[in-house]
Amino acid sequence: MKVAGNERFGMKLDLVKHLLQQREDASWVLCKKKMLEALALEKSTSPISLLEVGCGLGMDVLDMAVAMGKSQYGGKIVGVDFNTAMIN
């Protein structure tokens, strides 16, 4: 039995489907909104470099890039994930 990746306890989890469903949950959406507000990327006073480890589908990376683009300084963001199915 595989204990890493997307199989645990003999059950296979569709990670992409799971993450997409998770993003529809109201509490999850609120959490992500608070995360973006706390980062205040649009208010940066210099260029920013961010690395998101375990980015999954990269949806937060895109949201952060949009916020970063509202700053006059901009920056760069990179998202990485161990599971290639997430980012392909």
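Student: What are the ground rules here?
Tutor: The model is predicted: local features need pLDDT of at least 70, side-chain atom pairs count only at pLDDT 80 or more, and totals for chains, interfaces and linings use all residues. Residues are numbered from 1 along each chain as its sequence is written, and side-chain values use heavy atoms, with hydrogens and water left out.

Student: What volume does the largest pocket have?
Tutor: About 170 Å³. A pocket is an open set of points on a 1 Å grid over the protein atoms alone, where a 1.4 Å probe fits, with protein on both sides within 12 Å along at least five of seven lines. The volume is the space filled by probe spheres set on the points.

Student: Which residues lie nearest its centre?
Tutor: Leu 19, Arg 23, Cys 55, Gly 56 and Asp 60, out of 13 lining residues. Lining means an atom within 4 Å of a point.

Student: Is Cys 55 buried or exposed?
Tutor: Buried, at 9% relative accessible area. Buried means under 20%, exposed over 50%, partly exposed in between (1.4 Å probe, protein chains only). Cys 31 is partly exposed, at 44%.

Student: Switching to α3. Which residues are buried there?
Tutor: Asp 60, Val 61, Met 64, Ala 67 and Met 68.

Student: What do they pack against?
Tutor: α2, β3 (48-53) and β4 (75-80), with contact meaning heavy atoms within 4.5 Å. Helices (H or I, at least four residues) and strands (E, at least two) are DSSP runs, numbered from the N terminus.
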